[in-house]
Amino acid sequence: MGMKKRWHLRHISEAIMKIVMLFSCLIVICSLGAILWTVLSKGIPAFSWEMILQVPQGGYSQGQSGGILNAILGSLYMAGGGTLLSLIISLPIALYLETYLGEVRWADLIRLALDVLWGIPSIVYGIFGFTIMLAIGMRASLLGGIIVLALLELPIMVRAMDEVIRRMPKDLEQAALALGSTRLEVALRIVIRQMMPGIITAILLAFGRGIGDAASVLFTAGYTDRVPTSLLRPAASLPLAIFFQMSTPFPEVQQRAYASALVLTVIVLIISFSSRLLASRLGKFTIK
Amino acid sequence: MDTHIKVRDLNVYYGKRIALKNINLDIPRNQITIIMGPSGCGKTTLLKCFNRFLELVVTSHITGNIWVDSQDIYANDVDVTEVRKRIGLLAQRPYPLPMSIYENVAHGLRIHRMKNGRTEYHDAVQHYLKTAGLWEEVEKRLHEPATSLSIGQQQRLCLARGLAVDPEILLGDEPTSALDPISSQHIEKILLGLKSEYTIVLVTHILRQAKRLADYVIFMYMGEVIEAGQAKDIFENPQEELTIEYLNGIF
């Protein structure tokens with residue numbers, strides 16, 4: 001019987017493809033490693049507790065002493081507020097797409113619109129927001145930043161939710177309908193529960209995009225050395241802090257940019273891990 | 001015969017294709033009615049007409065009438081959620097809701113606001129879990145996820161969940177087909193016990209199951225009702241050629 005392993009072309013091509021796949025995966029791991037390494041190795045020496053406890057001192061936004069508390073709080077408020085606002089708008093859209101428009105053309109049109117919005121560069125959102133704000137006589141402010149981040153996060157959040165909600169077993173919805181539930185009850189009591197882990201991931205993705213974006217908040221939220229206290233006053237943000245610090249000619253201030261990047265990365269990691277934990281907790285009851 | 005569900009001139013289309021042709025039936029109260037026939041004959045479609053699940057298929061179209069007692073369930077002023085509350089469904093595969101065992105049974109009670117206070121809920125949940133023969137097995141783990149149960153237990157949970165909203169009719173779409181023989185037997189036994197209080201309509205393609213459970217039999221073929229009558233008559237003295245062939249296992 002000729003069952004011995006022989007090196008046919010198909011075996012060779014399989015082996016090559018496997019190496020290619022592995023290599024691609026390695027690129028991902030190495031990039032993450034390299035980014036973390038750069039941020040850590042350059043950020044830690046420049047890091048001090050006063051960085052996260054104080055506002056900048058000695059000069060507009062690129063101060064060589066003091067900290068970036070203004071940017072940390074500004075970013076948390078803006079990304080947090082933007083994500084919340086975006087969630088309030090996204091969830092109904094995602095549920096509507098699934099619950100009422102299951103097989104209707106119009107749903108595809110909405111999906112297409114969201115995908116196009118997703119692809120629009122964030123600076124365009126920024127300019128758009130700025131134009132609107134000028135038109136209604138609003139100044140660059142925390143509120144402006146929150147609104148533009150909400151818009152920026154909206155497509156990614158809806159589409160991520162949409163993808164999980166579409167994976168909802170039809171039979172599960174029918175099981176709930178068979179008890180005499182209305183569509184709304186199915187959406188609110190069953191779909192959301194079943195999709196909770198996916199919804200949390202969607203929120204996380206959107207938050208990540210929001211907190212990391214510099215271009216959209218540049219015009220809409222502005223920048224300030226003060227801690228944000230009012231929705232109608234300008235607010236600082238971490239990506240812009242990094243940008244301003246990095247663009248100074250002073251090496252000490254450039255070093256501080258890495259420390260700011262470290263702070264931003266740590267915030268994102270904390271949110272990432274805690275939401276994973278939350279998702280797996282809430283996933284206990286989901287139907288496979 | 002005391003008719004509970006009356007079907008007159010029922011036609012169902014999926015798009016242009018006709019799925020049920022001119023169905024006329026009288027389904028007896030507090031008995032087990034079995035709808036049998038080869039696959040694709042329209043058994044499930046007919047069942048779906050009874051709890052208005054047919055309209056979940058966008059392309060479907062229905063003509064004719066179905067009355068539950070004197071109520072036309074397709075009348076314009078009928079609340080579809082009320083129809084589905086009164087006509088429960090046990091699906092082919094058990095699909096527990098994404099919540100605890102307890103909450104699965106309590107869910108229907110909550111959406112229809114049928115009970116007040118913890119004790120009332122607890123008593124009701126206990127009662128229906130007992131009816132479905134599941135109480136002893138889950139008594140100590142009521143707050144665990146429903147998915148921690150075996151498939152057979154899940155189907156009994158789905159039965160308890162369906163009974164909790166107090167239906168008068170219970171539909172079953174091959175409710176034992178995903179289960180092992182012991183669990184199937186268990187479900188059959190429970191259904192036999194329930195028929196004194198509920199009108200039960202089951203779809204099955206298992207002839208032996210039909211013979212074990214049926215009081216009344218509907219035999220369908222290619223979207224039409226070929227023969228309907230008392231189980232004894234249909235099994236022992238079928239009138240139609242097609243019924244005879246089916247019972248003899250020719251197709």
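**Stop 1: a core alanine**

Start by selecting B:Ala160. Leaving out residues up to four places away in sequence, B:Ala160 touches B:Val105, B:Tyr128, B:Leu129, B:Thr131, B:Ala132 and B:Leu134. Contact here means that the C-beta atoms of two residues, placed from the backbone, lie within 7 Å.

Before going on, note the ground rules. This is a predicted model, in which local features need pLDDT of at least 70, side-chain atom pairs count only at pLDDT 80 or more, and totals for chains, interfaces and linings use all residues. Residues are numbered from 1 along each chain as its sequence is written, while chains are lettered from A and ligands numbered from 1 in the order in which they are written.

Now colour by confidence. pLDDT is the predictor's confidence in each residue, from 0 to 100. Chain B averages 92, and 100% of its residues score at least 70. The model scores are ipTM 0.89 and pTM 0.78.

**Stop 2: the core around it**

Which residues have the most contacts inside the largest nonpolar core? They are A:Met157, B:Ala160 and B:Val217, and the core has 144 residues. A nonpolar core is a set of buried Ala, Val, Leu, Ile, Met, Phe, Trp, Tyr and Cys residues joined through C-beta atoms within 7 Å. Buried means 20 or more other C-beta atoms within 10 Å of the residue's own; exposed means 12 or fewer; partly exposed lies in between, with C-beta atoms placed from the backbone. Select residues 142-166 of chain A next. This is helix α6, which gives the most to the core, with 17 residues.

**Stop 3: chain A as a whole**

Helices (H or I, at least four residues) and strands (E, at least two) are DSSP runs, numbered from the N terminus. The C-alpha trace spans about 75 × 60 × 35 Å along its principal axes. Of the 288 residues in chain A, 40% count as buried.

Colour chain A by domain: domain 1 is 7-46 and domain 2 is 49-285. These bounds come from an automatic or database domain assignment. Their centres, taken over C-alpha atoms, are 29 Å apart. Where they meet, 6 residues of domain 1 of chain A contact 7 residues of domain 2 of chain A.

Then pick A:Ile12, in helix α1 (residues 9-46) of chain A. Buried or exposed? A:Ile12 counts as exposed because it has 10 C-beta neighbours inside 10 Å. Draw a distance from A:Ile12 to A:Gly43. Their C-alpha atoms are separated by 46 Å, and the two residues are 31 residues apart along the chain.

**Stop 4: where the chains meet**

Bring chain B back. The contact takes 22 residues from chain A and 27 residues from chain B. On the chain A side, α7 (170-177) and α8 (183-211) each supply at least two residues. The largest share of that side, 6 residues, comes from α7(A). By class, the chain A side has 10 nonpolar, 6 polar and 6 charged residues. Ala, Val, Leu, Ile, Met, Phe, Trp, Tyr, Cys and Pro count as nonpolar, Asp, Glu, Lys and Arg as charged, and the others, Gly among them, as polar.

**Stop 5: strands of chain B**

Show chain B as a cartoon. Four strands form an open antiparallel sheet in the order β2-β1-β4-β5. Strands pair if DSSP finds at least two bridges between them. β2 (17-28) and β5 (71-72) of chain B are the edge strands, each pairing on one side only. β1(B) and β2(B) run antiparallel and share 8 bridges. Select B:Val12: B:Leu20 in β2(B) stands opposite.

Stay on β1 (residues 3-14) of chain B and click B:Asp9. B:Asp9 is not a glycine, yet its phi is positive, about 50°. B:Asp9 counts as exposed because it has 10 C-beta neighbours inside 10 Å.

Move on to β9 (residues 216-221) and β10 (residues 224-230) of chain B, an antiparallel pair joined by 6 bridges. B:Met220 has B:Val225 as its bridge partner in β10(B). The hairpin of β9(B) and β10(B) has 2 residues between the strands, and B:Met222 takes a positive phi near 50° there.

Finish at B:Glu174, in the loop between β7 (169-173) and α7 (181-194) of chain B. Its phi is also positive, near 45°. B:Glu174 is partly exposed, with 19 other C-beta atoms within 10 Å.
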